[in-house]
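Please keep the sequence and the structure in view while reading.

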Amino acid sequence: MKILILKYRNIGDVLLSTALVSNLKHNFPNALIDFAVNKETEDILKHNPNLNKVYSYDRDKESNYSLLKKISYEIKNLLFFRRQKYDILINLTEGDRGVLIALFSGAEKKFSFKPRKGLLKFFNFFDQYGYESDYIHTVERDLQFLNFLGYEKCINKIDIFWTKEDETVVDGILKKNNLGNYVHIHPVSRWMYKCWEDDRMAKLVDFISLNSDLKVVITGSNSKKEIAHIDSIISLCKAPPINLSGLFTLNQLAYLSSKARFFFGIDSAPMHIAAAVGTKVVALFGSSSPEIWGPWDNNQGSTYQDIIGVQHNGQHKVFSHTDRSIFFDENVKKGNGMVSIRIQDVINEIKKYL
């Protein structure tokens, strides 16, 4: 049997789908399971023993093609997936790409979420559509496709894997910076309106550094926006953290998080990675709903509600706010909910982790 999963979304989205992969492999132990994703997310699935192949789509590369070359590329892509002769196809993406691949795949059983826009939303190409809701966690949303196949969830865990080489790289950097007992803070996101105020983040870094024996490790990608954000935070710190931004692959970042006392950050892919490796997470949710995106607990799943205040889920802790409106402060896009989360409230909870 051959199974294809499609998820052309972002890093965190793909990571949260790994629980579905594990459950499919458990129920179909002899199946070959392939996964198709955007190129920037493929490392999340790297080394996953439950997968046969990972196919990646390079959106940036195709954007530079001429119109004729784009059409040629898309046709070749559709024909490629048809030649694989899949028995089951599960499309976890609402966009046109997943629908078209499913349509041309020839798979005997096809499941998907309903496209939200475009002409394809008016046609029915699938055996069954998944249920979408603002009150269900993304992991559970993807796991519902097990029910369509006649199975129940038996594995609750999301997974990311790394190699011995990854450990060697990270351990070398930790040793170089004399890092033993540390807190991992990832204060940035691809969407900057999810970020907390720089001065508040700096005060939290100082509180941890000056009131415990823990060092603070701060990470970010190598994008110019994230680097500028982190530089601003560090410039406001009285006790600057160890800045390891841009040094790690996603798999190495997972190993770094696994060794941390706890993780602090916002709704981002590194937050989901920290939760996946079993590290305690304290996260701020002022621009997104923890009901849908909260740090998943591999033991109990999710019990988050869309409320204002502090809530616990297993070993994780979330500060959430329901005002997700956006405003601009000197041309900087910010979220009212994030601004509403007070520094002293966060410090009071962080004390319990020190």
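In what order do the strands of the open sheet of six strands lie? The model considered here is a predicted one, and in it the order of this sheet is S3-S2-S1-S4-S5-S6, with parallel pairing. The edge strands are S3 (53–57) and S6 (128–129), each of which pairs on one side only. Serine 112 has tyrosine 129 in S6 as its bridge partner.

Strands of a sheet pair through backbone hydrogen bonds, and the pairing may be either parallel or antiparallel.

The partner of S9 can be seen in the pairing with strand S8 (residues 215–218): two bridges join S8 and S9, and the two strands run parallel. Here valine 217 is bridged to isoleucine 242 of S9.

Strand S11 (residues 281–285) pairs with S13 in the parallel sense over four bridges, and phenylalanine 285 has serine 320 of S13 as its bridge partner. Strand S12 (residues 309–313), by contrast, pairs with S13 in the antiparallel sense over five bridges. In S13, phenylalanine 319 stands opposite valine 310. The hairpin of S12 and S13 has two residues between the strands, and glycine 314 takes a positive phi near 60° in this hairpin.

Why is strand S13 described as largely enclosed by the rest of the structure? Five of the five residues of S13 (residues 316–320) are buried, and the strand is therefore largely enclosed. In a regular strand the side chains alternate between the two faces of the sheet. Both faces of S13 are covered: His316, Val318 and Ser320 are buried on one side, and Lys317 and Phe319 are buried on the other.

Attention may now pass to the space between parts of the protein. The largest pocket holds about 1,300 Å³ of space. Its lining consists of 47 residues, and Asn10, Ile11, Arg190, Trp191 and Ala269 are those that lie nearest its centre. The elements that give two or more residues to this lining are helices H1 (11–16), H3 (59–63), H10 (250–258), H11 (269–276) and H12 (290–293).

Helix H10 also contains leucine 256. This leucine has a relative accessible area of 0% and is therefore buried. Leucine 256 is 189 residues from leucine 67 in sequence, and the two are 43 Å apart in space, C-alpha to C-alpha.

Which residues make the nonpolar surface patch of about 530 Å²? The patch is made by Leu67, Leu68, Ile71, Ile75 and Leu79. Isoleucine 71 is placed in helix H4 (residues 67–83). This isoleucine counts as partly exposed because its relative accessibility is 42%, a value between the limits of under 20% for buried and over 50% for exposed. Leucine 256, with 0%, is buried.

Definitions and conventions: Residues are numbered from 1 along each chain as its sequence is written. This is a predicted model: local features need pLDDT of at least 70, side-chain atom pairs count only at pLDDT 80 or more; totals for chains, interfaces and linings use all residues. Side-chain values use heavy atoms; hydrogens and water are left out. Patches are made of residues with over 30% relative accessible area and no salt bridge: like charges are joined within 9 Å, nonpolar side chains (Val, Leu, Ile, Met, Phe, Trp, Tyr) within 5 Å. Accessible areas come from the Shrake-Rupley method with a 1.4 Å probe; for residues, only the protein chains shown count as cover. A salt bridge is a side-chain nitrogen of Lys or Arg within 4 Å of a carboxyl oxygen of Asp or Glu. Buried means under 20% relative accessible area, exposed over 50%, partly exposed in between (1.4 Å probe, protein chains only). Two strands pair if DSSP finds at least two bridges between them. On a 1 Å grid over the protein atoms alone, a cavity is a set of points where a 1.4 Å probe fits but cannot get out, and a pocket is an open set with protein on both sides within 12 Å along at least five of seven lines; lining residues have an atom within 4 Å of a point. Grid points are joined across faces, edges and corners, and a volume is the space filled by probe spheres set on the points.
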